[in-house]
Structures are given as structure tokens and as C-alpha cells.
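Please read the following note with the model open beside you, taking the points in order.

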Amino acid sequence: MTMPHHALEVVLTRPLSSAELREAVRVLPFAINHDTTRLMTLVRTKTPHRAAHRLRQRLAARLPVDAITTHYPDAAGQVLLNVAFPPAVHAAIRQAAHEAGQSPEIFVKLALHRALAQHASDEAHRLDRAVQQLLAHTTAAHLLAAVGHALTRTPGAAPA
């Protein structure tokens, strides 16, 4: 049986210095974004959880790692998020999870789902208000034509 590779993204708390970047690429091969705040790599392990854990172990003392995520969603459409909380935050999460009768992992997962759902709802309401405001000054047909034009325009092209 071959061991799968897992594509992981490392989100950093700040851009890397030249020395940190050299040290990072000595540890693992990385694809690095333009401002050195995000790194991509492949880790060979049986599970994505092990891959994220192993990557954090290898980088934690070397780089300002904020979060590690799987780059591709799993079969259920989920992306693994690996965050190392400071001890005080970790204790607060454990206490709140205990009070809710949940494991810390489930507590954080549900809190993230609620926050993302709230963000999506807020964004939908904001867009609805913006569209209503636009419709107060034009017709639906003109607005739809303008949206279609904006969506089909080549990014970076000069406006027509």
C-alpha cells in the first residue's frame, strides 16, 4: 500500500524574513506566495490530521505559523483546520466545551460553523440592501445587463 500525500497550506502571522524563508525550504519544499505569508507543501502520511500535526511539529519552532489547513476538501467537502491556541485560550475553550457538554474539537467546530453561517447571512443581507438601493435608481433589466457586463469583463482590462 502506498502512503498518500496531503496538500497543506500554512498561513503565517507575518511575512517571512529572507533567513526564515531559507530555513523553511531546508525543512520541506514549499510553494510560496508573493508576500511570503502563505506556504504550500505536500506531506506524506496516512491521514490529513497526521499530516497537519507533523507539519506543525516541524515548523512551530522555526516559523510564525498561524494556521495549517488541508488545501483540498475531503469527500464530505470539509477542510481540516489546525490552529494552536495559546494556553489561556485553550483553557477557556475546554471550559466552555465542558459547560456545553461537548469535546473541545466539537465545540470549536460548531462555533466556526455558526460564525460562517452568520457571515454568509450578513453578506446576503448586505448584498440585498445594495441591490435594492441600485434598483431605486434604475430598472431590473439595466441592472442585470450591468452585472452581466461586469462579470464577463476580462480582469485588468480597461473599461469600455
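1. On a 1 Å grid over the protein atoms alone, a pocket is an open set of points where a 1.4 Å probe fits, with protein on both sides within 12 Å along at least five of seven lines, whereas a cavity is a set of points from which the probe cannot get out; lining residues have an atom within 4 Å of a point. Grid points are joined across faces, edges and corners, and a volume is the space filled by probe spheres set on the points.

2. This is a predicted model, in which local features need pLDDT of at least 70 and side-chain atom pairs count only at pLDDT 80 or more, while totals for chains, interfaces and linings use all residues. Residues are numbered from 1 along each chain as its sequence is written, and side-chain values use heavy atoms, with hydrogens and water left out.

3. The largest pocket holds about 1000 Å³ of space. It is lined by 28 residues, of which His49, Val79, Leu80, Leu81 and Asn82 are the closest to its centre.

4. Which elements supply at least two residues each to that lining? They are strand 1, helix 2 (48–59), strand 4 (65–70), strand 5 (81–83), helix 3 (87–100) and helix 4 (104–135), where helices (H or I, at least four residues) and strands (E, at least two) are DSSP runs numbered from the N terminus. The largest share, eight residues, comes from helix 4.

5. By class, the lining of the largest pocket has 15 nonpolar, ten polar and three charged residues. Here Ala, Val, Leu, Ile, Met, Phe, Trp, Tyr, Cys and Pro count as nonpolar, Asp, Glu, Lys and Arg as charged, and the others, Gly among them, as polar.

6. Glu9 lies in strand 1 (residues 5–12), and Glu9 is buried because its relative accessible area is 10%, given that buried means under 20%, exposed over 50% and partly exposed in between (1.4 Å probe, protein chains only). The side chain of Glu9 makes a polar contact of 2.4 Å with the side chain of Arg38; such a contact is a pair of N or O atoms within 3.5 Å, and within protein one must be able to donate a hydrogen and the other to accept it, while residues adjacent in sequence count only if both atoms are side-chain atoms.

7. His90 is found in helix 3 and counts as partly exposed, because its relative accessibility is 36%. The side chains of His90 and Arg94 are joined by a polar contact of 2.4 Å.
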